[in-house]
Amino acid sequence: MVETLFFDLDNTLLDFNRAERAAIAKTLKSFHIAPEPSVLKRYSELNLAQWKLLEQGKITRDQVKLRRFRLLFAELNVDVPAKEAAHTYETLLAQGHYFIDGAEELLKTLYGQYRMYLVTNGTLSVQKGRLKSSGISRYFEDIFISEELGYNKPGREYFNCCFSRIPDFHKETAVIIGDSLTSDIQGGINAGIRTIWFNPSHEKTSEIIPDHEFDSLMKLPELLSHI
């Protein structure tokens, strides 16, 4: 039986990849850099790599924000202050939102049936802006943003902090739902709760094994009713 749901935000409910492309393109234009597809792709790769290092505890959040731009600008051989680019990018990323297909309908369907919480590693100002724009905060009993808690997914400390703020919480009736094996699924494993991997692209995994897997948000209600 499942009572408590922990939802990841980026690329689970909100389309981060689409928002990232739009924000980085505008950022590059503001510094007179052509947002060629290859450049946007490279930024995304560098950005993801920095977040992975953060998950592993190898760099800090502030280093993530600057390193991705320093590395990109070094490869492009352009002289642009990383701090200014990071500020511009975060300001743009916090504006507006794009839903993953079926996200609004899913939250409406599950609301009232489960206790729902949001767990995200995203930057505080960015996530608050996107949540306000999307209007989905009302579906969650609490929202746990790692920058506020002082810990990051997949660390056990992050989840222990979340659990401590939930009345009458029981691990055996909780699941985490997310798209990231290293952040969400590994985080659930570290925390001792069941895991459900949102895998719309049907990626393969051999190292981090989720308890359950699904490829469309609207398949989740039925899955939850059977576990």
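In which loop is Pro 154 found? In this predicted model, where residues are numbered from 1 along each chain as its sequence is written, local features require a pLDDT of at least 70 and side-chain atom pairs a pLDDT of 80 or more, whereas totals for chains, interfaces and linings use all residues. Side-chain values use heavy atoms, with hydrogens and water left out. Pro 154 is found in the loop between helix 7 (146-149) and helix 8 (156-164), where helices (H or I, at least four residues) and strands (E, at least two) are DSSP runs numbered from the N terminus. The peptide bond that joins Lys 153 to Pro 154 is cis, with an omega of about 10°.

Most peptide bonds are trans, and most residues other than glycine have a negative phi. Asn 11 is buried, with a relative accessible area of 17%, whereas His 32 is exposed, at 76%; buried stands for under 20% relative accessible area, exposed for over 50%, and partly exposed for values in between (1.4 Å probe, protein chains only).

The protein as a whole has 10 helices and 6 strands. Its radius of gyration is 18 Å, close to the 17 Å that the globule rule gives for 227 residues, so the protein is as compact as a globular protein of that length; the radius is taken over C-alpha atoms, and the rule is 2.2 Å times the number of residues to the power 0.38. Along the principal axes, the C-alpha trace spans about 55 × 35 × 35 Å, and 49% of the 227 residues count as buried.

A search of the whole structure finds 14 aromatic pairs, for which rings of Phe, Tyr and Trp (its six-membered ring) must have centres within 6.5 Å, with planes under 30 degrees apart counted as stacked, over 60 as edge-to-face and the rest as tilted. One of these pairs, formed by Phe 6 and Phe 169, is edge-to-face, at 5.9 Å centre to centre and 75° between the planes. The pair links Phe 6 in strand 1 with Phe 169 in the loop between helix 8 and strand 4 (174-178), 163 residues apart. Phe 6 is buried, with a relative accessible area of 0%, and Phe 169 is buried at 16%.
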